[in-house]
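Subject: Structure handover, cavities and pockets

Hello,

Here is the structure for your files. My notes on its cavities and pockets follow below.

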Amino acid sequence: MAVAMALFTRDLRVHDNPVLAAAAQAAEMLPLFVLDETICATDYLSPNKAGFLVTALADLNEGLRRSGGHLMVRHGDTVREVCRLVRQYAVDEVHIAEDVSAYSRRREDQLRTQLAAANCGLRVHTGSITVAAPGRLAPSSGRDHFAVFTPYHRRWAQLPVRTPLPVPQHIRLPHGAGSEPVPAATDLTTGATSPELPLGGETAGRRLARDWFREDISTYADRHDDLAGDATSRLSPYLHFGCLSATELVHRSDLSAPGAAAFVRQLCWRDFHHQMLAARPETAHSDYRTRNDHWHVDTASLAAWQTGRTGYPIVDAGMRQLAAQGWMHNRSRMITASFLTKTLYLDWRRGARHFMGLLADGDLANNQLNWQWVAGTGADTRPNRVLNPIRQADRYDPDGTYVRRWIPELAHLRGRDIHRPWRWHADGVGGYPARIVDHEQAARDFAGIRQHE
């Protein structure tokens, strides 16, 4: 009797899951998730990610139970735990989703080698974490990946999108297949989660997606940068953990409608960054295109930025939202990242690390390469662009509603006045600090540094 293993990684769902669908074709199946001791020991598994993860695992377990199975949870080295279970249950084939980080590639190579020694096959499934496999598209120039988004998007948009896969109707577990309980977040990491962290899991993600397609996607093209309106999907954490399928979201989108087309374009950006990281895994920590920057070292300014106390309300509002929700509006991500790298001239890696420590959707490809785009070391064709925080505030929060929501100390300032508190309170007010830097002068300094170097 054939036995297969579905090794869940960043695909924690039962709907449209190529790994689960393929493994369920076997007579018996082991659905497995390993709380990898290496990952748990790193900064990657922050309290917010751990909180989101454990609720996602519990929800996945319930989804599998509805088909007659359950999730086997193990804690340890992934390769060692997989191989132990392969021997114990005479597994013939292990199924896993393709991923792009250097760690996931090493894990895949080790699994392939050690499973082969145990006469067990490894099947790696593309189109599970991304819509397009990271290596599927390549430019006509002969390079192994696209370095500019627009031509990538042009090719990506022409790809046929597969039909989403159904939930397996019946899962049969091998006799005696038990599981460790899903742990609490506090068992995996120390520290408190953000007070407004969303609930993880496929059930919550599908409910959010249902409402998004029913009510909000139609206005996305016009309102996606409206900070106060909060008119984005907020699906990113569910995509990061694979509680939702990006392929299914594309399939459900009416591309003839401007809102849906703009939303799918953002899913393409996600694939674009994944194919960049797959081709250049070192860009998780090194410049994709070096500018020979000699970044400042200023712990006081970094701390002010991290805690939302720079004296620039639009910047501080974004950083406070991040701390409170484990999420931040994309426009705020760009504004705060530009302020750190091009106003304070601090290393993008410091900002990326702080984001990864709080974002529930802290994805290695998207986070690192978006930071590099803003810092001018990545794929941006205008590497010296600087986002002026005041102009950004006037444009995307014109009446100050977003800032007022997160900085109540300034609630007495009306309209656009809230974006320039130093005009009325040069030394700060009500506990809100004075500016730590003059942005205009800092922008001129940055331009001079980049031009000189």
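Ile39, Thr42, Tyr44, Met356 and Leu364 are the residues nearest the centre of the second largest pocket, which has 41 lining residues. Please keep in mind that this is a predicted model. The volume of the second largest pocket is about 1,100 Å³. Its lining takes at least two residues from each of several elements, including the strands β1 (3-8) and β2 (28-36) and the helices α3 (47-65), α5 (102-117) and α16 (348-358). Sorted by class, that lining consists of 21 nonpolar, 10 polar and 10 charged residues.

The largest pocket comes to about 1,300 Å³. It is lined by 48 residues, and Gln266, Trp269, Asn330, Met334 and Asn370 are the closest to its centre. Helix α12 (258-279) is one of the elements that give at least two residues to this lining, and with 8 residues α12 has the largest share. α6 (149-156), α10 (236-240), α15 (330-343) and α17 (364-375) also supply at least two residues each. α17 supplies at least two residues to the lining of the second largest pocket as well. The lining of the largest pocket divides into 21 nonpolar, 16 polar and 11 charged residues.

The largest cavity holds about 60 Å³. Among the residues that line it are Glu98, Asp99, Val100, His125, Ala133 and Pro134, and the run from Thr126 through Gly127, Ser128 and Ile129 to Thr130 also belongs to this lining. By class there are 4 nonpolar, 5 polar and 2 charged residues around the largest cavity.

Regards

Notes. Residues numbered from 1 in each chain as written. Predicted model: local features only at pLDDT ≥ 70, side-chain atom pairs only at ≥ 80, totals over all residues. Heavy atoms only, no water. 1 Å grid on protein atoms, 1.4 Å probe; cavity = no way out; pocket = protein on both sides within 12 Å on 5 of 7 lines; lining within 4 Å. Points joined across faces, edges and corners; volume = space filled by probe spheres on them. Nonpolar A, V, L, I, M, F, W, Y, C, P; charged D, E, K, R; others polar. Helix = DSSP H or I, 4+ residues; strand = E, 2+ residues; numbered from the N terminus.
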